[in-house]
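Me: I am new to this structure. Can you show me how to read its features, step by step?

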Amino acid sequence: MVRGPPLTRVNSAKSSWHPSSAPYAQDHTIAERKRREKISNRLIELSNLIPGLTKTDKVTILSDAVR
(Lines give C-alpha, C1' and ligand atoms only; values in the text may rest on other atoms or scores of the structure.)
Protein backbone atom coordinates (compact mmCIF):
# COMPACT_ATOMS: atom_id res chain seq x y z
CA MET A 1 0.00 0.00 0.00
CA VAL A 2 1.41 3.35 -1.06
CA ARG A 3 0.54 6.40 1.04
CA GLY A 4 0.79 9.96 -0.10
CA PRO A 5 1.12 13.08 2.02
CA PRO A 6 -1.61 13.69 4.61
CA LEU A 7 -4.66 15.55 3.38
CA THR A 8 -4.90 19.20 4.37
CA ARG A 9 -7.59 21.81 4.03
CA VAL A 10 -7.04 24.40 1.39
CA ASN A 11 -8.70 27.82 1.45
CA SER A 12 -10.56 26.98 4.62
CA ALA A 13 -12.04 29.97 6.41
CA LYS A 14 -11.08 28.39 9.70
CA SER A 15 -7.43 28.07 8.78
CA SER A 16 -7.10 31.42 7.00
CA TRP A 17 -8.47 33.55 9.85
CA HIS A 18 -7.95 33.15 13.54
CA PRO A 19 -9.30 35.52 16.22
CA SER A 20 -5.90 35.91 17.85
CA SER A 21 -4.56 37.33 14.59
CA ALA A 22 -7.07 40.19 14.67
CA PRO A 23 -5.93 43.43 16.31
CA TYR A 24 -8.98 43.58 18.57
CA ALA A 25 -8.65 40.02 19.86
CA GLN A 26 -6.96 40.95 23.14
CA ASP A 27 -9.51 43.72 23.82
CA HIS A 28 -12.32 41.30 23.06
CA THR A 29 -10.87 38.70 25.43
CA ILE A 30 -10.62 41.25 28.24
CA ALA A 31 -14.14 42.55 27.60
CA GLU A 32 -15.53 39.01 27.58
CA ARG A 33 -13.76 38.19 30.84
CA LYS A 34 -15.25 41.33 32.45
CA ARG A 35 -18.72 40.41 31.15
CA ARG A 36 -18.50 36.92 32.66
CA GLU A 37 -17.25 38.38 35.95
CA LYS A 38 -20.21 40.80 36.08
CA ILE A 39 -22.64 37.94 35.44
CA SER A 40 -21.05 35.87 38.20
CA ASN A 41 -21.21 38.77 40.64
CA ARG A 42 -24.88 39.41 39.84
CA LEU A 43 -25.68 35.73 40.35
CA ILE A 44 -23.98 35.86 43.75
CA GLU A 45 -26.01 38.95 44.66
CA LEU A 46 -29.21 37.28 43.47
CA SER A 47 -28.45 34.09 45.40
CA ASN A 48 -28.08 36.16 48.59
CA LEU A 49 -31.64 37.46 48.13
CA ILE A 50 -33.23 34.01 47.83
CA PRO A 51 -34.19 32.57 51.23
CA GLY A 52 -33.41 28.91 51.80
CA LEU A 53 -31.21 28.50 48.76
CA THR A 54 -29.03 25.43 49.21
CA LYS A 55 -27.54 24.85 45.77
CA THR A 56 -25.57 27.65 44.12
CA ASP A 57 -25.41 26.57 40.50
CA LYS A 58 -26.70 29.08 37.94
CA VAL A 59 -29.79 27.13 36.94
CA THR A 60 -30.95 26.67 40.53
CA ILE A 61 -30.37 30.32 41.38
CA LEU A 62 -32.36 31.49 38.35
CA SER A 63 -35.14 28.92 38.85
CA ASP A 64 -35.58 29.82 42.52
CA ALA A 65 -35.50 33.54 41.71
CA VAL A 66 -38.30 33.11 39.17
CA ARG A 67 -40.41 31.17 41.69
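Me: Which residues of α2 and α3 meet?

Reply: Remember that this is a predicted model. Look for heavy atoms that come within 4.5 Å of each other. On the α2 side, the residues are Leu43, Leu46 and Ser47. On the α3 side, they are Lys58, Ile61, Leu62 and Ala65. Sorted by class, this contact has 5 nonpolar, 1 polar and 1 charged residues.

Me: At roughly what angle do the axes of α2 and α3 cross?

Reply: Picture a line through each helix. The axes of α2 and helix α3 (residues 58-66) cross at roughly 50° and come within 10 Å.

Me: Why are α2 and α3 called oblique to each other?

Reply: Check the angle against the cut-offs. Under 35 degrees counts as roughly parallel, and 65 to 115 as roughly perpendicular. The crossing of α2 and α3 is at roughly 50°, so the two helices are oblique to each other.

Me: What is the handedness of the crossing of α2 and α3?

Reply: The crossing in which α2 passes α3 is left-handed.

Me: Now the charged side chains. How many salt bridges does the count come to?

Reply: Look for a side-chain nitrogen of Lys or Arg within 4 Å of a carboxyl oxygen of Asp or Glu. By this rule, there are 4 salt bridges. One of them pairs Arg35 with Glu32, with the closest N and O atoms 2.6 Å apart.

Me: Where do Arg35 and Glu32 lie along the helix?

Reply: Both belong to helix α2 (residues 25-49). They are 3 residues apart there, which means a separation of about one helical turn.

Me: Is Arg35 buried, exposed or partly exposed, and what about Glu32?

Reply: Under 20% is buried, over 50% is exposed, and in between is partly exposed. Arg35 has 42%, so Arg35 counts as partly exposed. Glu32 has 23%, so Glu32 is partly exposed too.

Me: What about Glu45 and Arg42?

Reply: Their side chains meet in a salt bridge, at 3.8 Å from N to O. Glu45 and Arg42 are 3 residues apart in helix α2, so about one helical turn separates them. Glu45 is partly exposed, at 45% relative accessible area.

Me: Which residues do salt bridges with shared partners join into one network?

Reply: Follow the shared partners. They join Glu32, Arg35 and Arg36 into one network.

Me: Which residue does Arg67 pair with?

Reply: Arg67 forms a salt bridge with Asp64. Their closest N and O atoms are 2.2 Å apart. Arg67 has 77% relative accessibility, so Arg67 counts as exposed.

Conventions: Residues numbered from 1 in each chain as written. Predicted model: local features only at pLDDT ≥ 70, side-chain atom pairs only at ≥ 80, totals over all residues. Heavy atoms only, no water. Helix = DSSP H or I, 4+ residues; strand = E, 2+ residues; numbered from the N terminus. Buried < 20%, exposed > 50% of the residue type's maximum accessible area, 1.4 Å probe, protein only. Axes fitted to C-alpha atoms, helices over the stretch in contact; angles between N-to-C directions. Parallel < 35°, antiparallel > 145°, perpendicular 65-115°, else oblique. Left-handed = near helix turned anticlockwise from the far one by under 90°. Nonpolar A, V, L, I, M, F, W, Y, C, P; charged D, E, K, R; others polar.
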